Amino acid sequence: MTTVAPRKRAYGKGSLTVATWIIAILFVFPLLWMILTAFKQEADAYTDPPKLFFTPTFEQLGNVLSGGFLPYLSNSAFVTIISTALVLLFGVPAAYALSLAPVKGTSNALGFFLSTKMLPIVAAIIPLYVISQNTELLDTVWALVILYTSMNLPLAIWMMRSFFLEVPHEMIEAGRIDGANLPTLLRKIIMPVVAPGIAATALICVIFSWTEFFYAVNLTAARAGTVPVFLVGFITSEGLYWAQLSAAALLASLPVMIVGWIAQNHLVRGLSMGAVK
Amino acid sequence: MSTLSVSTPTSTSQAKVEEKRGLSTAAKRRLPLLPALIFVIAVTQLPFLLTVFYSFQSWNLVRPGSRHFVGLDNYIDVFSDTTFLVALLNTVLLTVVCVLVALLLGLGLAILLDRKFLGRGVVRTLLITPFLILPAAGALLWKTTVFDPTYGLLHFVFGTDTDWLSEFPLASVMAQIVWQWTPFMMLLILAGLQSQAKDVLEAANVDGAGRWRTFVFITLPHLSRFLQLATLLGAIYIVNSFDAIFLMTQGGPGTASTNLPYYIYQRAFEGFDVGQASAMGVIVVILTMIVATFALRLMFRTFSVSGGIK
Amino acid sequence: MRKLLILFAATSLLVTGCAGAGSIGTGSSTLVIAIVANPQMKDAIALAPEFEKATGIGLKFVSLPENQARAKITASTATEGGEFDVVMISNYEAPQWAANGWLENLEPHMAATPGYDEGDFIPSIKQSLSYRNQMYAVPFYGESSFLAYRKDLFDKAGLTMPARPTWPQIADFAAKLDDKAAGVAGICLRGKPGWGESLAPFTTVANTFGAQWFDKDWNAKLTSPEFAQAANFYVNLIREHGEVGASSAGFSECGTRYTQGNAAMWYDATVMAGTNEDPASSKIVGKSGYAPAPVVKTQASGWLYTWALGIPKVAKDKDAAWKFMAWMTDKAYVQKVGHTYGWNRVPPGVRQSTYAIPEYADAAKAYAKPTLDGIADANQQKAMASPVPYPGIQFVGIPEFQDLGTRVSQQLSAAIAGRESVEDALKQSQDYAQTVGDSYKAVQ
């Protein structure tokens with residue numbers, strides 16, 4: 001290793017970088033193609049061979065925006081934000097209880113939470129439909145808020161628990177000895193350590209809520225439809241509209257794409273459940 | 001379904017400690033847990049009880065007045081339904097293959113990204129994006145622009161008229177799912193790689209261990225916990241795959257790409273056979289619980305659940 | 001971290017503000033309409049603000065592709081979910097649902113609407129949406145099936161389309177016109193699973209071969225020699241001279257191929273003509289001829305289908321719902337579409353008066369008459385060789401057919417994809433069908 005001449009080594013790295021770039025671009029090529037297609041006319045969207053150069057147009061994006069996209073967007077945002085807030089409201093105390101103040105049955109509770117994630121969501125869709133109908137929640141944003149909260153809560157508790165476990169025990173003990181009560185302890189000692197982890201957890205809840213499809217398609221109609229439901233409306237039975245579909249797919253994904261890009265580091269932290277510090 | 005009890009030696013000892021402290025403290029300590037617990041039980045377990053109840057009935061939504069109690073008939077029908085078995089096998093195949101392939105690709109990409117190079121941030125941003133777009137959008141995108149036999153990108157690349165979605169339905173669906181989940185795996189593994197103590201790696205380097213040996217004997221063991229986590233989380237989501245099948249192949253041709261979630265959906269929302277769909281749901285839940293027990297044990301070992309305060 | 005929190009807080013504020021207005025407090029004067037996302041319906045959605053302005057009634061559309069729309073509308077109506085004030089259904093659902101008491105009888109509403117003129121509806125379409133001679137849904141567009149063919153390709157190959165072609169003749173033409181090198185398939189036929197997809201054309205082919213789903217006594221007949229002959233014919237024709245990707249090609253996929261010049265013939269719904277002749281979507285405007293649905297043993301073989309609007313019994317504001325339906329299906333609407341979007345985009349096959357409009361007659365001269373003839377001939381007496389115990393031509397008019405048809409269609413597409421032999425596909429299908437048949441035998 002040490003015998004490798006510096007020049008040769010630099011060259012090797014350069015080609016690896018080029019290879020990495022090529023692989024990355026190939027990997028996301030379908031996505032780049034979608035973005036390109038979103039700016040095409042329909043006639044340019046399905047050609048053989050596929051067209052790389054064309055006169056770009058904002059017509060498709062305009063059509064999507066004027067085609068009633070905004071109510072879906074606001075529903076999605078509402079459901080995502082409220083359910084994420086609820087996840088934190090329920091999840092933070094639970095994660096605290098399961099990490100810093102564990103009692104008998106901790107592992108059972110953790111096991112229970114995770115096991116609910118493994119349930120096939122289709123298994124309960126009919127009862128959920130009937131229940132939401134009887135409680136007049138069918139086609140309301142609240143049905144989705146409730147379901148997304150319970151969908152994300154288990155994973156969130158697991159994640160946040162691992163962040164709480166990072167709080168050094170000695171710090172808490174030291175605080176106790178200084179006579180700090182629980183709220184003070186939380187505010188002064190625990191929160192600063194776990195806050196980034198909580199933000200990361202929230203981000204992941206946001207992503208999963210925004211992209212959820214199954215509940216949204218089956219439990220909403222006109223009033224509470226979210227962005228994925230809007231997207232499905234663009235598949236028509238009679239006629240393919242690739243450009244319009246791509247435009248809709250792009251707009252539907254954009255908010256979460258941007259949030260995810262900005263908060264990449266949080267994403268890593270959240271997913272690795274605090275194993276990265 | 002219900003609580004899975006996975007007890008570990010430490011958790012019992014901890015419990016003993018607790019008993020000494022007295023009940024009231026324990027109850028007080030449990031309090032913050034309750035809202036979440038009650039909420040999740042209410043939202044996930046109650047509907048499931050109804051599913052169990054429906055599964056003993058013959059109930060077709062579009063034939064009013066047909067609803068009556070039939071005991072175990074639905075279960076007998078499900079077990080003699082060959083399509084159910086096909087769907088079960090497809091589910092297993094899809095989950096195992098997708099998780100493994102996504103994991104390997106993710107590992108490869110993570111290794112490529114685990115070094116400094118020009119535009120690293122941009123490449124990482126590009127690579128995570130498939131995980132951030134709507135799965136529904138991803139599925140539609142692949143169905144149209146990638147797999148279309150006449151206007152698709154694969155047609156352009158290979159120059160053949162292969163109809164991917166009907167000749168290789170399950171593989172096509174898997175390709176899409178792998179594409180969607182590889183970034184997730186990559187991010188997790190990258191996190192693992194970056195958390196390696198640099199001095200250990202350097203020490204290995206100084207000791208003259210080759211790159212490969214360093215990778216196998218130092219990096220991989222370090223990564224194992226991340227790989228396990230990635231596998232478990234990936235499997236939880238991929239086993240429930242619905243969007244890709246629903247939007248790309250509708251389970252076809254025939255039942256070639258039907259998995260359990262999609263088949264149950266079909267029985268419920270195309271057949272409107274509430275009884276049979278519910279019975280399938282119950283069976284799937286039972287199967288899942290069996291698999292999950294093992295998965296949970298793994299997770300518990302990995303994340304030292306009973307460790308409490310470290 | 002802080003950046004993320006600020007972002008989160010800012011969007012929360014923004015969004016809760018919007019959502020409050022958009023999603024939660026919807027007033028009672030807003031109708032929710034579930035609709036199938038076909039081009040003609042999209043035109044209606046685009047024109048809807050005119051209705052809102054004129055009446056003060058707000059409209060919200062749920063527009064989904066056919067399969068999803070059907071699943072949703074059926075679930076909602078059957079459980080009396082009440083999410084929708086107006087639903088789009090077909091002549092498959094309308095009579096069944098009317099019998100179940102799920103739909104509002106529209107006769108009183110029509111009688112109370114001067115100038116609506118329900119007598120103007122094409123009789124067979126009107127009949128197909130009626131239960132005990134009362135209409136329970138009003139048609140938006142109606143269709144039969146026919147064969148589009150490229151006159152230029154026929155001329156080049158020295159072929160002539162007979163006035164009433166038979167399926168063996170069509171298979172022969174398809175073999176001659178099939179040009180793999182030029183990327184032109186001999187014929188495009190649906191292979192995509194779904195009872196409303198591949199089974200519609202296939203069942204008409206089966207009918208004219210003398211096959212039937214069930215005999216008079218509800219015995220499933222899917223393994224009868226006629227059915228096997230029809231299935232082999234259909235599957236082989238597609239496999240040998242059909243389009244690429246046939247097992248996932250439905251109406252829209254065939255439409256794309258035909259209008260892009262990648263197929264010489266296309267047997268499908270008569271509404272296709274509007275798209276074929278629309279310069280915005282088609283590269284082959286004016287090059288098509290239209291022949292009646294090919295036959296074998298029967299006089300005619302076209303199907304009868306209509307997308308129509310109905311009001312679920314549980315809908316709250318039925319008068320407002322009717323006002324909207326009347327707007328979308330009356331004569332003025334036809335004029336509006338013709339003048340706004342062009343006459344090829346007018347919803348066809350519903351009102352006789354549409355065919356008397358000079359502009360429409362001119363724009364649709366290639367296909368207006370074949371469409372009307374197809375619809376007029378679409379009845380069981382002309383399209384079937386022997387009597388059956390169920391209503392419907394391209395479908396079996398019983399509630400179980402959605403499920404049965406979808407399962408059989410999956411077998412059919414597996415055969416088209418070459419994953420299974422036609423015999424195996426039919427044997428499996430016969431089992432499915434017999435289970436359903438038995439439940440009706442028991443009733444008799």
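1. Burial first: 62% of the 277 residues of chain A count as buried. Keep in mind while reading on that this is a predicted model.

2. If you want a box for it, the C-alpha atoms of chain A fill roughly 75 × 75 × 30 Å along the principal axes.

3. Now the contacts within the chain. Take the pairs in chain A that are at least 6 apart in sequence: 79% of those contacts join residues at least 24 apart.

4. One helix pair to look at is α4(A) with α7(A). Helix α4 of chain A covers residues 59-99 and helix α7 of chain A covers residues 141-164; their axes are 6 Å apart and the packing angle is about 40°. The crossing of α4(A) with α7(A) is right-handed. By class, their contact is made up of 20 nonpolar, six polar and one charged residues.

5. What about the nonpolar core? The largest one has 337 residues, and the members that touch the most others are Leu144(A), Leu231(A), Ile187(C) and Met265(C). Helix α4(A) turns up again here: with 18 residues, α4(A) gives the most to this core. For a close-up, pick Ile187(C): leaving aside residues up to four places away in sequence, Ile187(C) touches a set including Ile170(C), Leu237(C), His241(C), Met265(C), Trp266(C) and Tyr267(C).

6. Then there's the contact between chains A and B. Chain A puts in 89 residues and chain B puts in 95 residues. On the side of chain A that touches chain B, the largest share is 13 residues from helix α5 of chain A, residues 106-118. Sorted by class, that side of chain A has 67 nonpolar, 19 polar and three charged residues.

7. Last, is helix α8 of chain A buried or in the open? Of its nine residues, 169-177, the number buried is zero, so α8(A) lies largely in the open. Have a look at the backbone there too: just after α8(A), Gly179(A) takes a positive phi of about 85°.

Conventions. Residues are numbered from 1 along each chain as its sequence is written. Chains are lettered from A and ligands numbered from 1 in the order in which they are written. This is a predicted model: local features need pLDDT of at least 70, side-chain atom pairs count only at pLDDT 80 or more; totals for chains, interfaces and linings use all residues. Axes are lines fitted to C-alpha atoms, for helices over the stretch in contact, and angles run from 0 to 180 degrees between N-to-C directions. Helices (H or I, at least four residues) and strands (E, at least two) are DSSP runs, numbered from the N terminus. A crossing is left-handed if the near helix is turned anticlockwise from the far one by less than a right angle, and right-handed if clockwise. Ala, Val, Leu, Ile, Met, Phe, Trp, Tyr, Cys and Pro count as nonpolar, Asp, Glu, Lys and Arg as charged, and the others, Gly among them, as polar. A residue is buried if 20 or more other C-beta atoms lie within 10 Å of its own, exposed if 12 or fewer, and partly exposed in between; C-beta atoms are placed from the backbone. Two residues are in contact if their C-beta atoms, placed from the backbone, lie within 7 Å. A nonpolar core is a set of buried Ala, Val, Leu, Ile, Met, Phe, Trp, Tyr and Cys residues joined through C-beta atoms within 7 Å.
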